[in-house]
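Please open the model in your viewer and keep the selection tool at hand, as this tour goes from one stop to the next and tells you what to select at each.

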Amino acid sequence: MRVAVLASGGGTNLQALLDACREPAPAQIAVVVSNHAAAGALERARRAGVPAVALEDHRDAQAILAVLRRHRAELVVLAGYLKLLPAEVVHAFRDRIINIHPALLPSFCGKGMYGHHVHEAVLASGATLSGPTIHVVTAEYDRGPIVAQWPVPVSPDDTADTLAARVLAVEHQLLPAVVLAAARAGGVVRLLAAGSAFTVTADPARIVESAVPAGLIQSQEE
Ligand code: GRF
């Protein structure tokens, strides 16, 4: 499956995808697109030998569609992409665009809820659980069907930085798991945590090494 990744920032999620999508993986990163010419994500793409495209105007749907089509993208991943995708693009790639959000949707989402704002809102709410959500992108901000979530405990002494780091470590596992599952299935599929693997732990290494890849199963409903 040919995957286009859109990213605005440093691109650590992109890096996790680049690392997971090496031959003989069923998915490959076909192009990386950013609204920022200086985005670290574009640099990561170039280093990996993947075409890197900086958009002149992120509102220009035809330009975005032209890039996606030129690179024969079958799946589009928003990995820290901070601009709203034009409606024409969402429509043209219906059910084939996913986004990663660093909190448990449907809470802590919507306009202005990105980066540290999300983690600060989680801490301010007193929630004891956070964690990444991957969802299908629809016309409505952060409201498309949820594809995968993974709980990450909030510690009483967390700052936005420490919580962000703990959630990000899990994002780096969850996003490749979803993309590889989509590639194997030929389309986006929902991943569920299997049995006792769905354990809340304060140790990201434990989630990352044992539970996420092995503990996620494809939903039987799909
Ligand atoms: C991640 O936390 C992601 O959930 C959010 O933006 C951040 C991107 O980080 N949408 P990176 O650019 O992948 O390092």
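**First stop: around the ligand**

Begin by selecting the ligand together with the 14 residues that surround it, of which the closest are Gly 9, Thr 12, Asn 13, Gly 80 and Pro 102; a residue is counted here if its C-beta atom, placed from the backbone, lies within 6 Å of the molecule. Two or more residues of this shell come from each of helix 1 (12–20), strand 5 (97–101) and helix 6, and helix 1 gives the largest share, 3 residues. Helices (H or I, at least four residues) and strands (E, at least two) are DSSP runs, numbered from the N terminus.

Before you go on, please note that this is a predicted model, in which local features need pLDDT of at least 70 and side-chain atom pairs count only at pLDDT 80 or more, while totals for chains, interfaces and linings use all residues. Residues are numbered from 1 along each chain as its sequence is written.

Colour the shell around the ligand by class, and it divides into 6 nonpolar, 7 polar and 1 charged residues, where Ala, Val, Leu, Ile, Met, Phe, Trp, Tyr, Cys and Pro count as nonpolar, Asp, Glu, Lys and Arg as charged, and the others, Gly among them, as polar. Colour it by domain instead, and at least three residues come from each of domain 1 (1–94) and domain 2 (100–222), with bounds taken from an automatic or database domain assignment.

**Second stop: the nonpolar core**

Next, select Val 3, Val 5, Leu 17, Val 32 and Val 178, which have the most contacts inside the largest nonpolar core, a set of 63 residues. Such a core is made of buried Ala, Val, Leu, Ile, Met, Phe, Trp, Tyr and Cys residues joined through C-beta atoms within 7 Å. Its largest share, 11 residues, comes from helix 6 (residues 160–185).

Stay with Val 3 and show the residues in contact with it beyond four places in sequence, among them Cys 21, Ala 73 and Val 179; contact means that the two C-beta atoms, placed from the backbone, lie within 7 Å.

Is Val 50 buried or exposed? Val 50 is buried, because 21 other C-beta atoms lie within 10 Å, and the cut-offs are 20 or more for buried, 12 or fewer for exposed, and partly exposed in between, with C-beta atoms placed from the backbone. You will find Val 50 in the loop between helix 2 (40–47) and strand 3 (52–54), where its contacts more than four places away in sequence include Leu 18, Ile 29 and Ala 45. Val 50 and Leu 18 are 32 residues apart in sequence, yet 9.0 Å apart in space, C-alpha to C-alpha.

**Last stop: backbone details**

Most residues other than glycine have a negative phi, and most peptide bonds are trans. With that in mind, select Glu 23 and Pro 24, whose peptide bond is cis with omega near 0°, and then Leu 105 and Pro 106, whose peptide bond is also cis, with omega near 10°.

Finally, select Arg 72 in the loop between helix 3 (61–70) and strand 4 (75–78), which has a positive phi of about 50° although it is not a glycine. Phe 108, in the loop between strand 5 and helix 5, has a positive phi of about 55°. Arg 72 is exposed, with 10 other C-beta atoms within 10 Å, whereas Phe 108 is buried, with 22.
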